[in-house]
Amino acid sequence: MPCNKDTTPIASYADSLLQSISEITASVVCIELENEQFTEIGCYLYRVSPVIMELRTTEYTPVNAMEILQSLSKSVSLVKDLVEKYQRDSHLILDTELRSTMSQLEEVIKCIGECLNLIPSSTFRGQEYAEVAVRSLSKEMLNARLELSQNQVLQTKELEAKMDFHEELAKEDQALPESDLYSINLELSMESYESYDMPHQVEFFKCTSFGSQSTSQNISRSMTLPKVAQYIEPLYETFYCPLTKEVMDDPVTVESGVTCERNAIQEWFQKFKNSEEIFCPITGKKLMRRSLNTNIALKTTIEEWKDRNDAASIKVAKAALSLAGSERMILEAIKDLQTTCQRKQYNKVQIRNIGVLPLLINLLGYKDRNVRCAALELLRELVEEDDDGKEMIAKTMDISILIRLLSSSHRPVRHKSLLFLLELSRSESLCENIGSVTGGMLILITIKYNQSIDAFASEIADEILKNLEKSPDNIKCMAENGLLEPLLHHLNEGSEEMQTEMACYLGEIVLGHDRKTYVAERVAPTLIRMVHSGNSLTRRSAFKALVQISSYHPTCKILVEAGIVQIMADEMFIRIIHNEPMNSKGEAAAILANILESGLEHHTLQVNSHGHTMTSDYVVYNIIYMLKNSTPDELNINLIRILQCLAKSPKPIGTIVSVDKETEASYTLIELINNPHEELAVATIKLLITLSPYMGHTLVERLCKTRGLPENLIQCPTEIVRISEKQAVSAKFLAELPHQNLTLNLALLSKNVVPTILQTINLIQRSGTRTSRYASAYFEGLVGILVRFTTTLYEPQTLFVARTHNFTSVFTELLTKTSCDEVQRLSAIGLENLSSESANLSKPPQIKRTKFMKLFSLPKSLSVNSSKKKKIPLCPVHRGACSSQNTFCLIDAKAVDRLLACLDHENIEVVEAALSALCTLLDDKVDVDKSVSMLSEVNAIQHVLNVVKEHRQEGLRQKSFWMIERFLVRGGEKNASDISQDRLLPATLVSAFHHGDVSTRQMAEKILRHLNKMPSISAPNYTM
C-alpha cells in the first residue's frame, strides 16, 4: 500500500528505518570478506521493509508499535555500523574478530525476528496472507545461522569492471515495499519460505550487485527484476551489428574491414545482385569482392559474453521466482528463462542445476492460471528430449500434482499439463511412476474417449497412453480402467514373455460381461495356442485367462467354435503329467463346466476324433473315475459341476446311475458332504439332489451308513442372517429323498431332529425370509422334512412324534402365515397325508360292556365318577372321537377354510395340493353324506367350480371332477341345482370329454349324465 505523509513519531521512526535498510542493502555487496553472510543479512533486512511499511500505514496500529520500531531501530543501527566498518577496512579484520562480529550479527537478526513476532494479529485484519508472511519471516530469522565460509574468496579485478545497480534496485523496492508482502499467494507462502531457504535470496543479491554505479542509473525505474539480467555485464559496442543494431550471432568481416551479422550483409549484397559495383553499407567504399570472413575472435567473445549473461540471468530469474512477489514478476522471470533455454541447450542444464525446478513445481499450485500455464510450459521445455532432466523431475516432483491438473476446468492448463505429461511419458523410467498415480490412468482414458469435447486433449492423451504401454503394469492398469486394447494387442502380437504376462493379467482383472465377449473374439485362438506351449508359466496364464472368459455364458460359443472342448477333454483324460510343475486338469474341468452350464447342446460338443461327445459314456466313466480317486478339492468341484450338467440329460443320467452301481461312486459323493471345503460340499449335495429321483433309496442306504449323517445335515442357525447355502441345500436334500423310506425317517427321529426343525421354522417366521439370501430355501427344506414323516405314520415312533408336536396345527398355520408358494404346497401335502390317517385313528367310544365286566362293576350309586362323567363328542365325518392332535382331524384343526382359500391361489401346484387334501374328506372311509353337508356349509363346491374354470391341468381336473361328482351324488338337490346353474361348467366338461385322457373323459361323461347332458347308461364308480 502507498506511504502516507505522516509526522507522527511512528511515521518518523518508520521512515528512518526504511532509509537505513536501503543504505545497508546497497552497501553489503561491496564487502569482499564473507560476502555471502553479509548479503544474507541484507536480504533479511530487505524483507523486513514491507513489515515496517505495514506498521507505518495500517489503520489498526498496535499499542506496542512504537516499542517494536524502537527495538528494530537499535538492531538496524548496529547492523549499519558493522557493515560500514567492514566496507571501509575489511582487509584489516582478524579471523577472531570476524567470528565475534558474525555472532553479534546473528543475535541481531534473531532480535529482529523476536520484534516481528510481537506484532499482534489485530494489525492484519482482513489480510490473513500478510500475517502468514510476517510469521514465516519471524520464524526464519529466529532460526538464522551465520557461519564463516571455509574459503575466504576475494573479489577479483573483474568485479570492478561490472556494473553495480543494486542501489537503484533497492530504491525501487523501497518505493513499492508491499510487492513482496501482499502479493504472496496464501497457499504457497509458508511453503516458499520453509522449503526454499535464504540461499535463493543470496543469489539474487549476488547477481544484481555486479556492475558500475553509472550503468545502473540508466535502468528504467519501472523495470521489473527479470529484465535487469540483460544489464548484468557491460555490452561492448563492437558486439552490435551496424546494420541490425542488435548483438551479432555470426559476425563476418567484409573487404572494407567492417564487421556485420552474416544474414544482414548477405541481404545487403542481394540489393546489388544485378550490379557490377558493390559498396560497403557503412563506409560507402567500393568493394572488389563479395567474400565474407568469419570474425572468429569476436564471435568467440560474444559467445562467452552471452554465456556469462545467461548464467547471471538464470540466477536473477530464480531469485524472482523464489520471491513470488507478483504475477507479473513471475511471468517475466519464466519468460526470461524460456528465452535463455531457446538460445542454448546447455542453459537448460544450468537452470535445472541451480534449483529452479522446485520453484516451478511449487508454482503449479499458484492461484493465477496464467502462472500455472507458464510454469508447465517451462517445465516441459526443460525436460524436452533430455533424459537427465526427466530423471530430476522424477526425483523432485510428485506426479500426482500434474495428474490433478488434468481435471482443471481451464482448458489451457489442461493442455499444458497434457503436453508436459507427454514429454515425461517418453522416459521409460517415468512410465511406471505415472501409471502408479491413483486415478491417473482413469483420467487419461476418460480424456481419450472425450474426443467430441476436446479433440486436442484426446489426441495427446492417446499418445501418452501409448507411451505408458512400455510398462506391463500400466497395461494392466489400463485394462482395469476400461482400456483393453493395449493388453489384447500385446497378447496377440507380443513375445512369449509378454504374452504370458498379458494372459496372467487377463486372468486377474475383473471384466464386465460385455467386455468378455469382445475379449473372447479377439484372443481366444491365441490363448488356445498358448495352452499347447511347453512353457508351464505360459500354459498356466492361458488357462487362467480362459477360465475367466468362459465364466460368461455367451462367450462359450466363441470358445467352442475355436476348438476348446476337445483340447480341454484331452487335458483331463489323455494328457499325462510327467514331473510338470503345472497340472492343468483343474482349469480344464472348470472351463468345460462353464461351457456345459452355458446352455449349449451337450450332445453337439465333440470331445475327440472318435465321435465321442460330452454326453457319451466315455466322458461319464472318465469323470466318475477321476472323482473316485483322490483329487484336489478344486478339481472335484468342477468334476461335480460337469456331472450336474450331464445329469439333466436323459442319456447321461442313466449312465451315471449305471456306473454308480458298478463302482459305488455314491459312497464317495456322500463322504464329500462332510468335506470342510463348503463349496465342494454344496456342489456335492446339489448333485445328490439331482440324482435322488433315480437312486434315492440307494443314496439313503449309503447316507445312513456314513458317520455323522444324516443328523449333520440339519443344524439350527443361531441367527437367520447366518443361514448358509450348505444348510439350505442340506435341508432340501433330506426333503427330496424318498419320503416313505422308513430307514431315513427313523434315523432322523433317533437324533431328535423334529424339535430343532420346529424351533428354526418359528425363528424364520418371526424374522422373515428376506433377512438372509438362503432363508427361503432353508425354510422350504425344513417343511419338506416334516412332510416326509407324515408318510410313515403307521410306524409307532413316527405317529408319536406327529401327535406330540401336533403336526396338523403346524401345517395349518403354515398355510396362511407364509407367503412362500412351496411352503404352502408342502403344508397342504402334509395335511393330506395326516387326514388320510384320520379315519383309521378315529374310533367310536365303547357303548356295550360284557357280562363278565358287569359282575365286577360297582353300582351307579357307589360309583365315584358317575356324576362327573361327560359325554365324549363324536366327529360326524370320521364317526369317532377326533382331535387335531391325536387323530389329525382337519375339521377340528379348522384347516378346511384355509384349504379352500388355497384353491384361489395363482400357483397351480398349491391349488392341486389343497384340492387333494380336501378330497380326503370325501373318501369312502368317512361319512361322505356328513362331509358333503359340512363342505356345503362353507360353499366348497363354488371354489371347486372356479378351479375347473381357471385351470386345465389334467390331474387338477380329475380331482375337481371327482369332487363335483361326489356332490352331485351325495349332496342332494341343492348342490345339484348349484352345480347345474353354472353356465361355464358344461362347456368345460364337453372340452374335457373331447380332449382329456381316459380317466378325465370318463369322469366328465359321468357328470354330464348327472346334469342330463348325455344319455344315462350304467357306468363304473371311481374313487380317488
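## Basis and overall composition

A residue is called buried when its relative accessible area is under 20%, exposed when that area is over 50%, and partly exposed in between, with a 1.4 Å probe and protein chains only. By this criterion, 52% of the 1024 residues of the protein count as buried. The model is predicted, so that local features need a pLDDT of at least 70 and side-chain atom pairs count only at pLDDT 80 or more, while totals for chains, interfaces and linings use all residues. Residues are numbered from 1 along each chain as its sequence is written, and side-chain values use heavy atoms, with hydrogens and water left out.

The secondary structure comes to 53 helices and 5 strands, where helices (H or I, at least four residues) and strands (E, at least two) are DSSP runs numbered from the N terminus. Contact is taken as heavy atoms within 4.5 Å, and among contacts between residues at least 6 apart in sequence, 73% join residues at least 24 apart. The accessible surface, from the Shrake-Rupley method with a 1.4 Å probe, comes to about 49,100 Å², of which 49% belongs to carbon and sulfur atoms.

## Nonpolar cores

A nonpolar core is a set of buried Ala, Val, Leu, Ile, Met, Phe, Trp, Tyr and Cys residues joined through side-chain atoms within 4.5 Å. The largest such core has 175 residues, and those with the most contacts inside it are L506, L527, I642, L703, F733 and I964. Helix α36 (residues 678-704) gives the most to this core, with 12 residues. Apart from it lies another core, of 59 residues, among them L321, I361, L379 and L424.

Leaving aside neighbours within four places in sequence, I964 is in contact with I941, V944, L945, V948, I979, L985 and I1007.

In helix α22 (residues 440-449), the buried residues are G440, M441, L444, I445 and I447. They cover an arc of only 160 degrees around the axis, which puts them on the same side of α22; the arc is that of the directions from the helix axis to the C-beta atoms. These buried residues pack against α19 (399-405), α20, α21 (428-435), α23 (455-468) and α24 (472-480).

E423 lies in helix α20 (residues 411-425) and counts as buried, at 5% relative accessibility. The side chain of E423 makes a polar contact with the side chain of K390 at 3.1 Å, a polar contact being a pair of N or O atoms within 3.5 Å; within protein, one must be able to donate a hydrogen and the other to accept it, and residues adjacent in sequence count only if both atoms are side-chain atoms. E463, by contrast, is partly exposed at 29% relative accessible area and belongs to helix α23; beyond residues up to four places away in sequence, E463 touches L422 and R426.

## Cysteines and backbone geometry

The structure holds 0 disulfides, a disulfide being a pair of cysteine sulfur atoms within 2.5 Å. C260 is in none, and the nearest cysteine sulfur, that of C241, is 4.8 Å away. C260 is buried, with a relative accessible area of 1%.

Most residues other than glycine have a negative phi, and most peptide bonds are trans. The peptide bond from L709 to P710 is cis, with omega near 5 degrees, and P710 lies in the loop between α36 and α37 (725-736). Phi of K894 is positive, near 55 degrees, in a residue that counts as exposed at 62% relative accessibility. N939, which is not a glycine, likewise has a positive phi, of about 60 degrees, and is partly exposed, with a relative accessible area of 40%.
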